[in-house]
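The sequence and structure come next.

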Amino acid sequence: MKYSTLLDFPDRFLWGASTSAYQVEGAWNEDGKSPSIIDLYEHPAEYADFKIASDHYHRFREDIRLFSEMGLKAYRFSIAWTRILPEGTGRVNQTGINHYREVIRECRAYGIEPVVTMYHFDLPYCLEEKGGWSNRETIDAFTAYAEILFREYGSEVTYWLTINEQNTMILHPGAIGLPKGGKLPSRKELFLQNHHMMIAQARAMKLCHALCPNGKIGPALNLTAMYPESCRPEDAIAAHNWEVLRCWNFADVPVFGWYHPLAVRYFEDRGLMPEVHPEDRALLQDARPDFIAMNYYSTATIAASRGDSSDVSARSGDQQIMLGEEGVYRAAENPHVSRTRYGWVIDPEGFRYTLRKVYERYHLPILVTENGIGAPDVLEADGSIHDSYRIEFLKQHIHAMRLAITDGVRMIGYCPWAALDVVSTHQGYQKRYGFIYVDRDEFNLKEMKRYEKDSFYWYQKVIADHGTIL
Ligand code: BGP
């Protein structure tokens with residue numbers, strides 16, 4: 001739709017950037033922190049692991065000062081559960097509590113809104129040993145953890161994100177990391193884990209509203225619109241199948257209190273319905289988020305299933321993610337979009353389309369908690385980094401967001417991935433996302449000096465102009 005004028009970004013729009021604890025902090029076994037599953041999972045030998053990462057744990061003051069120079073209005077980071085509760089539950093590690101209090105206060109001192117993810121893939125390993133999310137007791141552990149966070153930081157944090165990309169953890173568990181021996185849970189078990197996470201999330205949302213008078217809380221899912229490969233009705237149905245199973249089924253539960261009807265039939269038909277306790281429905285219906293947080297990287301194009309094993313294929317450029325399911329959908333190519341060098345679809349119009357769909361479905365304001373392009377940035381001899389591809393990517397996506405706002409979508413903010421270079425899930429420091437370059441290689445840590453990339457200065461200007469000039 002074309003408009004005679006575009007609406008402006010809202011006055012208090014949160015121009016931000018994101019990280020997650022395990023990808024940026026390092027200090028994996030310091031100050032009382034216990035190992036998380038990420039610390040102990042198998043990791044490709046040719047890439048940096050997460051033990052030292054970008055050393056943000058020790059350098060957060062320097063990093064936040066740079067964020068403030070960039071003009072950030074918000075910093076989205078995650079709290080490592082293992083720093084707060086080294087045994088997963090029970091004993092509180094005061095050093096961990098103090099650390100995040102300092103991070104939050106440092107942000108506030110610069111007028112940066114802290115946006116806190118409570119759980120970003122890094123379940124305490126000691127809980128994993130007791131069955132992890134398959135064990136119903138993990139719900140209580142998460143609830144206790146959430147209560148500590150709300151009591152400790154509730155007066156200083158407004159925006160809370162419950163669980164990062166629950167849909168990725170459940171649908172593509174291998175993408176997060178492989179347990180020793182490489183054995184992943186069955187799908188039946190994964191949907192039980194999903195159910196437990198949903199209840200844990202509902203309890204956390206309810207607690208947040210009870211304990212933090214100004215608190216706002218929401219799930220942080222990876223959401224994306226789907227295109228049918230053609231106007232064949234079968235392709236449209238397949239695209240809808242996967243959109244529901246991948247996206248809406250995960251956001252419907254926190255917002256509407258129960259699973260999407262199509263997903264319920266899918267679970268029942270395939271014997272995947274989780275065990276539901278009598279009190280579960282009431283627990284799920286008793287809580288509601290204040291906003292939807294979403295990570296958006298790309299769209300998917302979907303065709304009807306061929307009804308045989310050729311429906312399943314690895315995502316292009318990402319062997320850890322298998323797509324397609326016999327009788328449900330098949331991944332197809334989209335000739336109208338470009339791709340990153342890692343094969344990820346670049347689709348700013350798809351961002352606008354996804355924002356519209358999310359808002360239309362939930363009528364809740366949206367906080368974008370990830371969006372960005374991974375690339376092997378090059379540090380020049382003079383300390384500059386010319387990441388014009390990142391500027392182009394972000395420019396197009398910010399423009400698409402402004403169009404979505406003009407379409408009537410209510411937006412809270414935009415926190416692209418990443419505030420500074422972090423360890424990417426599978427490609428270490430060869431695939432970088434940050435506005436700030438961290439000078440280290442996979443195994444040579446050097447001095448980890450920070451350098452502003454061209455995108456840093458560009459984003460600084462975008463924020464100063466409130467997104468009007470890109
Ligand atoms: C999201 C995760 C982030 C981050 C990002 C980029 O799914 O929430 O933690 O890793 O993807 O992915 P990658 O590092 O694999 O390129």
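Predicted model: local features only at pLDDT ≥ 70, side-chain atom pairs only at ≥ 80, totals over all residues.

## The second largest pocket

By class, 16 nonpolar, five polar and two charged residues make up the lining of the second largest pocket. The volume of the second largest pocket is about 420 Å³. Its lining counts 23 residues, and those closest to its centre are Leu-171, His-172, Arg-187, Met-322 and Glu-325.

Several secondary-structure elements contribute to this lining. At least two residues each come from α8 (166–171), α9 (187–211), α10, α11 (261–270) and β10. Strand β10 provides the largest share, with four residues.

## The largest pocket

The largest pocket has a volume of about 860 Å³. Its lining is made of 45 residues, and Ser-298, Arg-315, Asp-318, Ile-321 and Trp-344 are the ones nearest its centre. Sorted by class, the lining holds 19 nonpolar, 18 polar and eight charged residues.

Which elements each supply at least two residues of the lining of the largest pocket? They are the helices α1 (21–24) and α10 (233–256), together with the strands β8 (300–303), β9 (313–315), β10 (318–323) and β11 (330–332). Two of these elements, α10 and β10, also each supply at least two residues to the lining of the second largest pocket.

## The ligand site

Where does the ligand sit? The ligand is placed in the largest pocket. A shell of 14 residues surrounds the ligand, with Gln-23, Glu-165, Thr-425, Lys-431 and Tyr-433 the closest. By class, the shell consists of five nonpolar, six polar and three charged residues.

For Tyr-433, a side-chain N or O atom is 2.5 Å from an oxygen atom of the ligand. For Glu-165, a polar side-chain atom is 2.7 Å from a ligand oxygen. For His-120, the corresponding distance between a polar side-chain atom and an oxygen atom of the ligand is 2.9 Å. On its own the ligand has 380 Å² of accessible area, and the protein covers 93% of it.

## Cavities

How many cavities of 30 Å³ or more are there? The count is five. The largest cavity has a volume of about 80 Å³.

The lining of the largest cavity includes Ala-21, Tyr-22, Glu-25, Gly-26 and Trp-28. By class, the residues lining the largest cavity are five nonpolar, two polar and five charged.

## Backbone geometry

Two loops contain a backbone feature to check in the display. The peptide bond between Trp-417 and Ala-418 is cis, with omega at about 15°. Ala-418 belongs to the loop that runs between β15 (411–414) and β16 (436–438).

The other feature concerns Phe-121, which is not a glycine but has a positive phi of about 75°. Phe-121 is located in the loop between β3 (113–119) and α6 (125–128).

Methods
Residues numbered from 1 in each chain as written. Heavy atoms only, no water. Near = heavy atom within 4 Å. Polar contact = N/O pair within 3.5 Å; in protein donor to acceptor, adjacent residues only side chain to side chain. Areas by Shrake-Rupley, 256 points an atom, 1.4 Å probe, with all protein chains shown as cover. 1 Å grid on protein atoms, 1.4 Å probe; cavity = no way out; pocket = protein on both sides within 12 Å on 5 of 7 lines; lining within 4 Å. Sits in = over half its atoms within 2 Å of the grid points. Nonpolar A, V, L, I, M, F, W, Y, C, P; charged D, E, K, R; others polar. Points joined across faces, edges and corners; volume = space filled by probe spheres on them.
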